[in-house]
Amino acid sequence: MATPERVAIAAAGVVTPVGPDLEAFWSALVTGVSGISQIERFPVADLKVQRGGEVKKLGRIKDWCGVSDCRATRLLIAAADDLCAQAGFRPLPLDPARVAVVVGTALGGVEEGEKALAGDRPRRRFREALYDGPGDRLARWLGARGPVITVSTACASGASALATGADLLRRDEADAVVAGGYDALCRFVLRGFNALRSLTRDEVRPFDRRRSGLLLGEAGALALLVRERDLSGPRLGTVLGYGSASDGFHIAAPEPEGRGLERAIRAALADARVSPRDVDLVSAHGTATLLNDRIETAALKRALGPRAYEVPVNSIKGGLGHTMGAAAALEAFMCLLSAQRGLIPPTLHLEEPDPECDLDYVPGRARAARPHVMLSTSMGFGGCNGALVLEAA
Amino acid sequence: MRAPAVRGLGVLSGQGPGSGPAPIWTLPRPERPGDRFRRATRECLLALAAVDAMLEDGKAPREAIAGERTALLYVTAAAYAASNREFIERRGGVMHFAYTAPAVVPAEVAIEFGVTGAYGILLGGAPSTLRAIEQAARLLDEDRCDRALLLAVEIFEECGDLYARHRRYTRWPLVETAACLWLERGAGELRFQSSRGGKAAKPARGGERFAAGPLADLREWLDRGATGPLELSGRWRDEHARLGWSTVRSHARGSAA
């Protein structure tokens, strides 16, 4: 079988509740900073849970190039601005027709629809609520003229986007791909998760026996993907493989045994051509809901076998909240930064282990280690399961 | 890329003008027994009906598509707008929030028909559907599945007043469509091409169906008993895509061999 084209993550850029760029994001993860706060950007007084991972300031961008004031678009562009700073360019030093954009989202620009229907915006702006709009506007901001793709596998969207971007390069549809995920906090999603009673009034405590739910967050997270053979400069790491699988069980609840996630992990490892023994770090979906963390633990044990007990498994949602479409991309970047910096961020607010969650979840403080192969898992509404395998530079 | 073979194709197409201010050809909400569907949205029920139609076309029982060797790809440009609007305007009181997610449409199919393989969801118009056919062909070629289902659903009625404000940007009539294509390994060559810019597309024959357009075109081609190579094309925002299919081997009704 032919060796697949290797795709590098050359650089990454983010905007998150814990910091407006990649360095601030990393620093907050390893020092245990929380970005959870009272939501200020829109009214929440009627909601039971009024906190989340809100981005308070959208960075230093001076030139929005005429893009709309859609929050989702601006999160994407703020992440792209950081990406350009990290990679040291803008505009992209490539033929624009060979630069693609692939973004994942759970909500798109739905807040624009919410505002248009409420009369806060002209009704004609409802069309900006189409979920593929922010990706299109990001491409315009970047000057990219290649394929523009929006994927929406709920909270696994960021992983799907990185994998889709890598595929574009392997098929020679592009020479560079800006890929990742985003989602903005808005009343729509906060009302929805309040109605589902998934949100906690406590801290977000992944894998802790006292865990009582998640909090939502907002973020943008983008990577610059290129074929490794085309790259002469430094890189963060490599996208080795991806797997997905449907639960086929329930529209909102995960399959109780985690069989779908297990299939996705196995598919990702096979795609990456690595065995469970090769995995050095797992970035868990780790939402801190009662079901998710137990199910994910069970799926990891079956998919990785004895290795599940030997590798660190962390969740970064305790400090960020669940950033939905951005989550998997942020978690992928965390993995690669762990390898680069030799530190694994802790699972924030994990203090009292749950006997049913008996893996090594990196409680307390960051741990010195330099993982080489990393697995990142995601689960979303509709039984969307995704897994990414990444390799250190 | 090796071209896939068509095993079945179900297409449900808008039957008559709706009641709103925009010229929309609407599909009625399908009836489906069982308490599980009590709160299901119209787009979900139409997706299930499209799969039923596909199975009928392929003369296959529902068990034939169950399991982890079946991949499921879903494409839509705007079907979720209806449930988003209902959730927004009823302030979350009636609509189950999960149904606002585009991912829930293929999820209902996966649940109902036991489909548990690889999946993908692309949001956009006809170019996304053509890209999804190419993705399905690749999944088959790489042995990641034995069959791939490509689902496309577009509904417009619930947001008809909003579409009516965009007559300058939208081609009329809007034709609600739910379609599901069953692909298996085939022969011949499949070529996907995409570019951005250029002139606006001519009005689609028989109305605008967004992401579901290419599958309606394929159905029409199969029904004509056409032979030889097939080219499907489509446009969305400023992307124009074409899919060349050198040999459409098909087991579907009205098919060319």
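Let me begin with a question: is Cys44(B) buried or exposed? Cys44(B) is buried, at a relative accessible area of 1%; by our cut-offs, buried means under 20% relative accessible area, exposed over 50% and partly exposed in between, with a 1.4 Å probe and protein chains only.

Before going further, a word on conventions. This is a predicted model, in which local features need pLDDT of at least 70 and side-chain atom pairs count only at pLDDT 80 or more, while totals for chains, interfaces and linings use all residues. Residues are numbered from 1 along each chain as its sequence is written, chains are lettered from A and ligands numbered from 1 in the order in which they are written, and side-chain values use heavy atoms, with hydrogens and water left out.

To the cysteines, then. The search of the whole structure returns 0 disulfides over all chains, a disulfide being a pair of cysteine sulfur atoms within 2.5 Å. For Cys44(B), the nearest cysteine sulfur belongs to Cys384(A), 12 Å away.

I turn to the interface. Here 52 residues of chain B are in contact with 58 residues of chain A, where contact means heavy atoms within 4.5 Å. The two chains bury about 4,500 Å² between them, 59% of it on carbon and sulfur atoms; buried area is the accessible area (1.4 Å probe) that two parts lose on being put together, summed over both. Of the area that chain B buries against chain A, 18% comes from Phe97(B), Tyr119(B) and Arg196(B), more than from any other three residues.

How many salt bridges cross the interface of chain B and chain A? The rule, a side-chain nitrogen of Lys or Arg within 4 Å of a carboxyl oxygen of Asp or Glu, finds 7. Arg237(B) and Asp132(A) form a salt bridge through their side chains, at 2.9 Å from N to O.

Finally, the backbone. Asp172(A) is not a glycine, yet has a positive phi of about 60°, and Asp172(A) is partly exposed at 44% relative accessibility. Phe210(B), also not a glycine, has a positive phi of about 50°. Phe210(B) is buried, however, with a relative accessible area of 9%. Thank you for your attention.
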